Amino acid sequence: MTLDRGSPVPLYFQVARQLEDAIRAGELPPGTRLENELELAARYRLSRPTIRQAIQHLVDQGLLVRKRGVGTQVVQSQVRRPIELSSLYDDLAEAGREPRTRVLELGAVPAEGEAAERLGVRAGAEVVRLRRLRLTGGEPLALMTNVLPAGLLEVTAAHLEEHGLYETLRAAGVNIRIAHQEIGARAATAAEARLLDERRGTPLLTMTRTAFDDQGAAVEFGTHAYRADRYSFSHTLVGK
């Protein structure tokens, strides 16, 4: 790092710009942990407040993140997902992002409330519920809950750790043709924050989807919560 101490540009900003250039050039890839403030201050013969200000500038820009017990890291690049009838697993795999899955729940439960209404079954009827934590780049990205009609699919947790739900449905002969989807946002609960490595109350991006097969039958009701700093939906709008 080269600093011009006679420049009118503040030293903290010079440090921040050079770190930003290194991040954008891939010299500091996502997940890289920086030295602590004292070590950086000693290395560049600057005061600790100057280093702290430079790091905070990059945190505010979303390029660095501070984690308790870990330190300051370069953030993982955001997953930008097109609004299409596809699964998160398929989209991550296609983008080369190496999806990983932890199955938190898989089993038969009585249908309740919105899930029963969306699937068109009576309240209390047996349905299959699965909850999964989707990770990429070694970090949690999304918490997903899906409810399926009973008898639609025979699947194990081990299988779902290696394959996406839509991929599994296709292999079972279920042809998903259309879906109704809603996108929103809300604060993370304590349980969600713990699983997603966030703080309670952190804004999460949400998606609710009901998918139908080529016969018009509802085959899946999903409610997903995504880390807003790692994930976004994108689509193209065309004028009438």
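Modeller: Happy to! H1 and H3 cross in a right-handed way, meaning that the near helix is turned clockwise from the far one by less than a right angle. This is a predicted model, where local features need pLDDT of at least 70, side-chain atom pairs count only at pLDDT 80 or more, and totals for chains, interfaces and linings use all residues. Residues are numbered from 1 along each chain as its sequence is written, and side-chain values use heavy atoms, leaving out hydrogens and water.

The axes of H1 (residues 11-24) and H3 (residues 48-60) come within 8 Å and cross at roughly 45°; axes here are lines fitted to C-alpha atoms, for helices over the stretch in contact, with angles from 0 to 180 degrees between N-to-C directions. Helices are DSSP runs (H or I, at least four residues), as are strands (E, at least two), numbered from the N terminus. H1 and H3 are therefore oblique to each other, the term for angles that are not under 35 degrees (roughly parallel), over 145 (roughly antiparallel) or 65 to 115 (roughly perpendicular).

On the H1 side, Leu11, Tyr12, Phe13, Val15, Ala16, Leu19 and Glu20 meet Thr50, Ile51, Gln53, Ala54, His57 and Leu58 of H3, with contact meaning heavy atoms within 4.5 Å. By class, this contact has 9 nonpolar, 3 polar and 1 charged residues (Ala, Val, Leu, Ile, Met, Phe, Trp, Tyr, Cys and Pro count as nonpolar, Asp, Glu, Lys and Arg as charged, and the others, Gly among them, as polar).

H3 also has a partner in H2: the buried residues of H2 pack against H3 and strand S1 (64-67).
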